[in-house]
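Here is a short report on selected residues, strands and domains. Please keep the sequence and the coordinates open while reading.

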Amino acid sequence: MTTLVPVTFKGGVYRHDEIMDLIDDLGGYIVQKHVMAQDVVLQSFVPRDDIDLIREIAKPLAGTVTEAPLVGTEIAVVSPSLEIHHLPHTACDIAEYLRRSGAKTNMVGLARGFGKRIANLNDEERDVINEHDLAVYALGNFEECIQRKFPALRQGIHVPIVVTGAPDRDALIRIIDPPVEGYVGGVGRIMHRFKRPEELAKLDELVDEVSRTLDARRDTLAKDPLSVFPPRLMAIIEDRIHEVSMLTHPTPVTAQMEGLRVKLPYDSYADDVRSLPVTEGVTVGDIADVTPSRMRNYILIRIKPFSETRILV
Amino acid sequence: MPPLNYFVVESPDPVGKDAYERIAADVLQDLDLIKVIDRLHIYVDPKIPLFVAAGLLRHMPRAIRVSDFANVNPGEKEIVLDISEEAYLAPLLRILWARFGKENVDQPDRFTVVLPAGVIGQKEIEQLVVADPSETLYKDVIYALQYIAPEGFKVRRQYIREGKFYYVASEDTLPGDIVERVVAPLFEKMGVTL
């Protein structure tokens, strides 16, 4: 079985369709395509053995292929509020940096996430965060505040959490109980853009921490694989439901580690998605739960594991 | 940072102290207040919880008059204002329109305003107050302190008068004697009395 690895292709618009065809022909999947003026960025999964071939073909087009550990994941960046105290720096810089590593990030600005005594999380925020593969909490400067408010902010969250805050990593590990999956110290409330080498090093540390956490999740998934690889289901949906191509979202179908978010109205399209054939005799409804998302009126698809369906597409 | 004559951040949490030094420096720089503030003492204690900032302003900018940004050339039929600093043109036009009517205020190009002769004397128009930066400066200083203070500290008391200002904020109700007990000693450290 070929192993698909997440990579980012960066190149020019000119003849980039050849690269897209090549990835398709090799049995890879393009998860996200960004066209920015003259540049194209493709977040994709390609067979490990064929990376060199893609590099070679991309060379005359001045394209580069780099490994991107977070392709195919959707990450929530949780900010205690949308006030000027927390945005744009820290939260946006973190989100931007994670995107560069291939992740699809969503910013979740809490309605009442500030203040150590009054901080809380409402049910909508909790459900939206739980729809992601991982949540990065961008917290503040004081140990005391993080210790007091974090239990409220994590209540009901069952996805892996990576916490950032100004106290160093050891202090974060000491004050957060029960432990979370990742910690990055030395990143608190910062009122300027991350640009100094030590600040960028912190963001690299965060990407490492996030990829380590997600790799652990991937290892668990490998033991009981999903009935279908999410990017494959994504390709099928994009192919068969033509309304997807008419959406103006940057990612009309967003790939997650264990499912997909389809940005079509649930009421009108859920049945079409459920009855969509994946392969002969198998429909999406057989191998996945198609549920309404708490994010607007989107559709959330959770792919069931092989152990549950006894189907592997 | 800054060419402040006195800049101290105190906090029982050493990491928080460093972070707030950086935050204060960034915010003052962003809002262009470094030249305005002379001394600043910040005390943050997340355990109480309490945030106090006290300081002195360097000097209050004076009111801007027409003569500060325009040459007044009275002629036989008209008075020509030759604008050298466009920043105050909009408030000037608003005042002139209100006083003389739009039909009497002509603006042939960006840097020229023409009034009919005799509606106002040269001295009077030169001394006309167009803007008072100190009004917005008060707001800017208080905004900067709100911006520096931790966001959850919503209960606050603020004061700015005669070159002295303080800003006290907390998550809980502030005690009535907070100014005498906490703010006054900070001013004493800076060598002044409130």
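## A buried histidine

B:His41 has a relative accessibility of 1%. The cut-off for buried is under 20%, so B:His41 counts as buried. This is a predicted model. B:His41 lies in strand E2 of chain B.

Two polar contacts involve the side chain of B:His41. One runs to the side chain of B:Tyr6 at 2.8 Å. Another runs to the side chain of B:Glu10 at 2.6 Å. With neighbours within four places in sequence left aside, B:His41 is in contact with B:Tyr6, B:Val8 and B:Glu10, and also with B:Val52, B:Ala53 and B:Ala54. The list also holds B:Leu186, B:Lys189 and B:Met190.

## The strand around it

How many of the 9 residues of strand E2 of chain B are buried? The count is 7, so strand E2(B), residues 37-45, is largely enclosed by the rest of the structure.

Strand E1(B) covers residues 6-10 and runs parallel to E2(B), with 5 bridges joining the two. In this pairing B:Val9 stands opposite B:Ile42. Between E1(B) and E2(B) the chain passes through helix H1(B), residues 14-30. This β-α-β crossover is left-handed.

E2(B) also pairs with strand E3(B), residues 50-57. Here the sense is antiparallel, and there are 8 bridges. B:Asp45 of the pairing stands opposite B:Leu50 in E3(B). The link from E2(B) to E3(B) is a hairpin through 4 residues. In a regular strand, side chains alternate between the two faces of the sheet.

## Domains of chain B

B:Ser134 belongs to helix H5(B), residues 133-148. Its relative accessibility is 11%, so B:Ser134 counts as buried. The side chain of B:Ser134 makes a polar contact of 2.8 Å with the side chain of B:Asp132. Residues up to four places away in sequence not counted, B:Ser134 touches B:Met60 and B:Pro61.

## An open sheet in chain B

Chain B also holds an open sheet of 4 strands. The order is E5-E6-E8-E7, and the pairing is antiparallel. Which strands stand at the edges? They are E5(B), residues 70-74, and E7(B), residues 106-109. Each has a single partner strand, so one side of each is left without a neighbour in the sheet. From one strand to the next, the twist averages 25°.

E7(B) meets strand E8(B), residues 112-116, in an antiparallel pairing of 2 bridges. There B:Asp106 stands opposite B:Val114 in E8(B). Helix H3(B), residues 89-100, packs on the sheet. H3(B) touches E6(B), residues 78-83, as well as E7(B) and E8(B). The direction of H3(B) makes about 15° with that of E8(B).

## Chain A: domains and an arginine

Chain A is assigned three domains: domain 1 (4-67), domain 2 (74-221) and domain 3 (230-309). The centres of domain 1 and domain 2 of chain A, taken over C-alpha atoms, are separated by 31 Å.

A:Arg55 sits in helix H2(A), residues 51-58. Is A:Arg55 buried or partly exposed? Its relative accessibility is 39%, so A:Arg55 counts as partly exposed. The side chain of A:Arg55 reaches the backbone oxygen of A:Val65 at 3.0 Å. A:Ile175 is 120 residues from A:Arg55 along the chain, and their C-alpha atoms are 46 Å apart.

## A hairpin in chain A

Strand E2(A), residues 29-36, pairs with strand E3(A), residues 39-47. The sense is antiparallel, over 7 bridges. A:Gln32 stands opposite A:Gln43 in E3(A). The hairpin of E2(A) and E3(A) has 2 residues between the strands. In this hairpin A:Ala37 takes a positive phi near 50°.

Note on methods: Residues are numbered from 1 along each chain as its sequence is written. Chains are lettered from A and ligands numbered from 1 in the order in which they are written. This is a predicted model: local features need pLDDT of at least 70, side-chain atom pairs count only at pLDDT 80 or more; totals for chains, interfaces and linings use all residues. Side-chain values use heavy atoms; hydrogens and water are left out. Buried means under 20% relative accessible area, exposed over 50%, partly exposed in between (1.4 Å probe, protein chains only). Two strands pair if DSSP finds at least two bridges between them. A crossover is right-handed if, with the strands pointing away from the viewer, the path from the first strand over the helix to the second runs clockwise. Domain bounds come from an automatic or database domain assignment. A polar contact is a pair of N or O atoms within 3.5 Å; within protein, one must be able to donate a hydrogen and the other to accept it, and residues adjacent in sequence count only if both atoms are side-chain atoms. Axes are lines fitted to C-alpha atoms, for helices over the stretch in contact, and angles run from 0 to 180 degrees between N-to-C directions. Contact means heavy atoms within 4.5 Å.
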